[in-house]
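Let's take a friendly walk through this structure together. Have the sequence and the 3D view open, and we will go from the sheets to the core and then to some ring pairs.

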Amino acid sequence: MRTVFCRCFYSGFGARVMKFPQLSALLFLLYLPAVFANKEIPIWPNEMSGNNKFINFSKNPASNNRAVTNVDSPEMFYVPPTGKNNHSAVLIIPGGGFSYIMKDLEGLDVAKILSQKGYSSFVLIYRMPHDGSDVNRNNAFADVQRAMRLIRANAANYHIAPNQIGVMGFSAGAFLAANVSNNPDVTNYPAADEQDKVSARPDFTALIYPVLSLKDGITHVGTRAAMYGKAISPEVIEQNSQEDRVTANTPPTFLAQALDDGTASPQNALRMFDALRKNKVKVELHLFQQGGHGFGTAQKQNIPAKNWPTLFSDWQASLVKH
């Protein structure tokens, strides 16, 4: 099987042991996670222009708060487990209203905490939809689908169980996470290689202060406009609101949101919770009194919302046990 993950590994240490095939194979398995720590993994074959544009919102040089404003090279950042490997993986999809992708706040910062809990994390930098274009929207859907397939196709290399691979979306990124959860097998792109034969369905889903509904009074208008345009029809709203797309095949889902969220109404999480319950999908919902929108890991805030990563990991572990 061809794999895009080989590019970085064999350019360094791996190249020096290729003359000993058995040793090479062993070292590949033992050292691959460390080699790829925080490395960029291209999503698509032969697509590495490197023109993604980053800005840093942080005024503190010791603390990054980087965001991507333009993506022409979709990629993932791999963060290996530092705690005892639980053989589970999470594809993290940061938000930013499709104007930004919050690489640190809702990406690498989250991956660091999950790493300590034993997870392998993959932070997705995806092509953002804008102006309601069908092409741009499908590009975003395709990047998520492809990323899920790459992780599962290469699960053995990362010491991941192929049936313990989930998706975690924040804000606008949660819409993409819910979309691949509700519709994992829809054709968003032509197959690029053998890895596209692997299922894109997540085994579990986490939606953090999510934008899921397109309905007036619930949705985030800017996110909706980026996805489907400003002149959105009632039919498109009904057909594409994620709470109305839930089926019995939707993966077990974890929801977390603050009640004082002034950007994405808590009704996003509440309606999704109701839809999952009606379809008999395992679901856990946590509503916090404080946190607003975009609290990320909330580790720097002395509020109960900072506990959501532990609540999530405990919940996900219970799925594996049962």
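How many bridges join strand 1 to strand 4, and do they run parallel or antiparallel? Four bridges join the two, and strand 1 and strand 4 run antiparallel. One place to look is P42, which stands opposite E75 in strand 4. Before going on, a word on the model: it is predicted, so local features need pLDDT of at least 70 and side-chain atom pairs count only at pLDDT 80 or more, while totals for chains, interfaces and linings use all residues. Residues are numbered from 1 along each chain as its sequence is written, and side-chain values use heavy atoms, with hydrogens and water left out. Helices (H or I, at least four residues) and strands (E, at least two) are DSSP runs, numbered from the N terminus. Two strands are said to pair if DSSP finds at least two bridges between them.

Strand 5 runs parallel to strand 7, and four bridges join them; V90 stands opposite S121 in strand 7. With strand 8, strand 5 pairs in the parallel sense over five bridges, and there I93 stands opposite G169. Is strand 5 mostly covered or uncovered? Strand 5 is mostly covered, as five of its five residues are buried. Here buried means under 20% relative accessible area, exposed means over 50%, and partly exposed lies in between (1.4 Å probe, protein chains only). Both faces are covered: A89, L91 and I93 are buried on one side, V90 and I92 on the other.

S88 is in the loop between strand 4 (75-79) and strand 5 (89-93). S88 counts as buried because its relative accessible area is 2%. Its side chain joins that of Q316 through a polar contact of 3.2 Å. A polar contact is a pair of N or O atoms within 3.5 Å; within protein, one must be able to donate a hydrogen and the other to accept it, and residues adjacent in sequence count only if both atoms are side-chain atoms. Leaving aside neighbours within four places in sequence, S88 is in contact (heavy atoms within 4.5 Å) with G118, Y119, S120, I160, Q164 and Q316.

What about the nonpolar core? The term stands for a set of buried Ala, Val, Leu, Ile, Met, Phe, Trp, Tyr and Cys residues joined through side-chain atoms within 4.5 Å. The largest one has 82 residues, and M76, L91, F122, M168, I208, W308 and F312 touch the most other members. Helix 4 (residues 134-153) gives the most to this core, with eight residues. Not counting residues up to four places away in sequence, F122 touches a list of residues that includes M76, L91, I151 and I160.

Four bridges join strand 2 to strand 3 (residues 66-70), and the bridge partner of F54 in strand 3 is V68.

Finally, the rings. The structure holds 15 aromatic pairs. Rings of Phe, Tyr and Trp (its six-membered ring) pair if their centres lie within 6.5 Å; planes under 30 degrees apart count as stacked, over 60 as edge-to-face and the rest as tilted. F57 and Y100 form an edge-to-face pair, 5.2 Å centre to centre with 80° between the planes. F57 lies in the loop between strand 2 and strand 3 and Y100 in the loop between strand 5 and strand 6, so this pair ties together parts that are 43 residues apart in sequence.
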